[in-house]
Amino acid sequence: MRINISRKNINDSFVAKIQELSGQNLLACYQCGKCSAGCPAVSDMDLLPNQIIRYAQLGLKEELLNSKSIWVCASCMTCNVRCPRGIKIAEVIEAIRQILLRKRKDHIDPERLPQDIRCQVPPIALISSFRKFTS
Amino acid sequence: MVIMKLIYYPGCTLKNQAKNFEESGLCALTKLGVEVQELERWNCCGTVFSLVTDDLIHHLAPIRVLIRTKEAPADSVMTMCAMCFNTLKRANERVRADQEALSTLNDLMYEEETKYQGDVEIYHLLEILKDKIGFETIKQKATHPLQGLKVASYYGCYLVRPREIGIDDPENPQILDELMASLGATVIDFPYKTECCGAYKTVDNPEIVAERTYQILNSARELGAEVVVVSCPLCAFNLDTRQKEALKLFPEFQTIPILYFTQLLALALNCPEEKIRLDLNYIDPKPILKSKALI
């Protein structure tokens, strides 16, 4: 895979927006990979948590906004408690989700959920899913 | 004898799928001499804490719960649900550290007669059991100890993470194991005890949850567990009900009963079976409990 790195992307408002929404300093990451090593969701991710941080540093906007990983992360906070640099990776991923959700690009449509799911799952699952995956 | 009074916040799921959690927990507390009063006019806490810096509106629901607590009147509130605990406590810490956010939230809730000032404490039931009642007292009151039952404790995420609000060590929590030991059970430690079950992915991708359920429960079973206890109604739903899907994906999978820690507590304290509600658990725990002469 070829990736173009440019000063323009790095200085783009997208990077600033992620830092502002997440409250995190992306440049604190030194790519040790501990977040990805402990993440229980990596087998379903296209970009690993450490890659998400690296892509965010470089302003690779389209790759991040189109990644499957941001909808696979369930904010379990394992990466956050293990990061030796104190970066809250789950917050960074939430910021990327929020950038999409604030443009009404929802991940799920409650009305189209299968009937059996709607009837079966407890309210705690529905509410948290709608809070994380819809605008 | 009443030794303590508590204001109790149930949250949505303890009034729905997790009635076995609520009823067993309340019965156990009565046996332990705790008088529980349900919070009046409580609302949903929102279930998850919003992680972005500018999203104040989603902290409104948990802060309103704390306003209701002040109006009770009380200066602390207890919840049994790990997700409610996490959301309420994190919202509380958020506004305590940010007076401007607190003032904005109070302004948004201008119709509330009570203003919130960061002056309510949130406790999870396990903290009450350990710190206010004491596991030694519970051990003495457990007239029907869980002799011979091998129990693995599953902590999940929201009880222990993030570190600042967790009730125990985020990497190696012990509180549930200590409680189970005080009830006379044989405690089984297992490496997946804090591994996320997939949480609300159960709505849009139940397969992910079924795979995690398989991994987590297989690990507990291989180390000798006969039942797994949980403190979160979403973990309970996933680990219990999704065993059906796990069986479809992995035909060799052997099911294992999932219980709320309060159900085993209530059992050991000799609460009546109609309060323990084993009928609501998806994988039937009665055969293993009967084989140990516990019911």
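The C-alpha centres of domain 1 and domain 2 of chain A lie 25 Å apart. Domain 1 of chain A covers residues 7-103 and domain 2 covers residues 108-135; such bounds come from an automatic or database domain assignment. The model is predicted, so local features need pLDDT of at least 70 and side-chain atom pairs count only at pLDDT 80 or more, while totals for chains, interfaces and linings use all residues. Residues are numbered from 1 along each chain as its sequence is written, and chains are lettered from A and ligands numbered from 1 in the order in which they are written.

Chain A has ten helices and zero strands. Here helices (H or I, at least four residues) and strands (E, at least two) are DSSP runs, numbered from the N terminus. The radius of gyration of chain A is 16 Å, close to the 14 Å that the globule rule gives for 135 residues, so chain A is as compact as a globular protein of that length. The radius is taken over C-alpha atoms, and the globule rule is 2.2 Å times the number of residues to the power 0.38. Along the principal axes, the C-alpha atoms of chain A fill a box of roughly 50 × 30 × 30 Å.

Two packed helices are described by the angle between their axes and the distance between the axes. In chain A, helix α4 (residues 49-57) packs against α8(A) at an angle of about 60°, with the axes 10 Å apart. Axes are lines fitted to C-alpha atoms, for helices over the stretch in contact, and angles run from 0 to 180 degrees between N-to-C directions. α4(A) and α8(A) are therefore oblique to each other. Angles under 35 degrees count as roughly parallel, over 145 as roughly antiparallel, 65 to 115 as roughly perpendicular and the rest as oblique.

Which residues of α4(A) and α8(A) meet? Pro49(A), Ile52(A), Ile53(A) and Ala56(A) in α4(A) meet Ile89(A), Val92(A) and Ile93(A) in α8(A). By class, this contact of α4(A) with α8(A) has seven nonpolar, no polar and no charged residues. Two residues are in contact if their C-beta atoms, placed from the backbone, lie within 7 Å. Ala, Val, Leu, Ile, Met, Phe, Trp, Tyr, Cys and Pro count as nonpolar, Asp, Glu, Lys and Arg as charged, and the others, Gly among them, as polar.

The backbone has some details to look at as well. Most residues other than glycine have a negative phi, and most peptide bonds are trans. Met77(A) is not a glycine, yet has a positive phi of about 75°; Met77(A) sits in the loop between α6 (69-72) and α7 of chain A. In chain B, the peptide bond from Ala72(B) to Pro73(B) is cis, with omega near -5°, and Pro73(B) lies in the loop between α2 (60-71) and β3 (76-79). Another cis peptide bond joins Arg161(B) and Pro162(B), with omega about -5°. Pro162(B) belongs to the loop between β5 (150-153) and α7 of chain B.

Chain B contains 14 helices and eight strands. Its radius of gyration is 19 Å, close to the 19 Å that the globule rule gives for 295 residues, so chain B is as compact as a globular protein of that length. Chain B is divided into domain 1 (4-125) and domain 2 (135-291). Between these domains, 24 residues of domain 1 are in contact with 26 residues of domain 2. On the domain 1 side, α1(B) gives the largest share, nine residues.

Chain B also has a helix pair to compare: α5 (residues 125-133) and α7 (residues 175-182) pack at an angle of about 60°, with their axes 11 Å apart. The crossing of α5(B) and α7(B) is left-handed. Leu126(B), Leu129(B) and Lys130(B) in α5(B) meet Ile175(B), Leu176(B) and Leu179(B) in α7(B), a contact with five nonpolar, no polar and one charged residue.

Finally, the chains meet each other. The contact takes 33 residues from chain A and 33 residues from chain B. On the side of chain A, α10(A) gives the most, with ten residues. That side divides into 19 nonpolar, eight polar and six charged residues.

Key. Left-handed = near helix turned anticlockwise from the far one by under 90°.
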